[in-house]
Amino acid sequence: MLVRNDPFRELDRFTQQVLGTAARPAVMPMDAWREGDDFVVEFDLPGIEEQSLDLDVERNVVTVRAQRPDVDPGREMLATERPRGVFSRQLVLGDNLDTDRIQASYRAGVLRLQIPVAEKAKPRKITIDHGDRPQAIDQGQVIDAE
């Protein structure tokens, strides 16, 4: 059997674990989707204590910070693959979301943000004045406003 020694293989493996790749970030991976009138974002944060989570909103930028404690120096570690320290991730939100009403929950290692769509971004009816009586237009049909 031939074993090939590649001195850069371990460096590549370590770099991917710590920094991740463009397709799969190692720290704080997330999913985002729209659910009715809410924009939902979930971050994977296993092993993070709830007290270490910090969530800030400034204008339309949401910043999530979390900390996983360092390894106990008294332990003789056999493997240390989980990243440790302070992690941070920022999301730039569109103007159509209501950052004043963000709700956050943390369960089973998942931080979930629910961000409502702003009232100003929701579709609405506009009344049109036709002289003698006002009418509203809804999906191309004229409806009497009286």
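Predicted model: local features only at pLDDT ≥ 70, side-chain atom pairs only at ≥ 80, totals over all residues.
In general, the strands of a sheet pair through backbone hydrogen bonds, in either a parallel or an antiparallel arrangement. Here, three strands form an open sheet in the order E3-E4-E5, and their pairing is antiparallel. Strand E3 (54-58) and E5 are the edge strands, each of them pairing on one side only. From one strand to the next, the twist averages 15°. The antiparallel strands E3 and E4 are joined by five bridges. Glu-58 stands opposite Val-61 in E4.

Further pairings involve strand E7. Seven bridges connect E2 with E7, and these two strands run antiparallel. Val-41 stands opposite Leu-113 in E7. E7 also pairs with E6 in the antiparallel sense, over five bridges.

The side chains may be considered next. In soluble globular proteins, nonpolar side chains tend to be buried together. The largest nonpolar core of this model has 19 residues, of which Phe-43, Leu-45, Ile-48, Leu-53, Val-62 and Leu-111 touch the most other members. Strand E2 (38-44), strand E4 (61-68), E5 and strand E7 (110-116) are the elements that give two or more residues to this core. Among these contributors, E4 and E5 belong to the open sheet of order E3-E4-E5, while E2 and E7 are joined to each other by seven bridges.

Apart from its neighbours within four places in sequence, Leu-45 is in contact with Met-28, Leu-53, Ala-66, Tyr-106, Gly-109 and Leu-111. Two of these partners, Leu-53 and Leu-111, are named with Leu-45 among the core residues that touch the most other members.

Finally, the loop between strand E5 (85-92) and strand E6 (103-107) contains Thr-99. Is Thr-99 buried or exposed? With a relative accessible area of 19%, Thr-99 counts as buried, because the term applies under 20%. Which residues does Thr-99 contact, once its neighbours within four places in sequence are left aside? Its contacts are then Val-57, Arg-59, Asn-60 and Leu-93.

Note on methods. Residues numbered from 1 in each chain as written. Heavy atoms only, no water. Helix = DSSP H or I, 4+ residues; strand = E, 2+ residues; numbered from the N terminus. Buried < 20%, exposed > 50% of the residue type's maximum accessible area, 1.4 Å probe, protein only. Contact = heavy atoms within 4.5 Å. Core = buried A, V, L, I, M, F, W, Y, C linked by side-chain atoms within 4.5 Å. Pairing = 2+ DSSP bridges. Axes fitted to C-alpha atoms, helices over the stretch in contact; angles between N-to-C directions.
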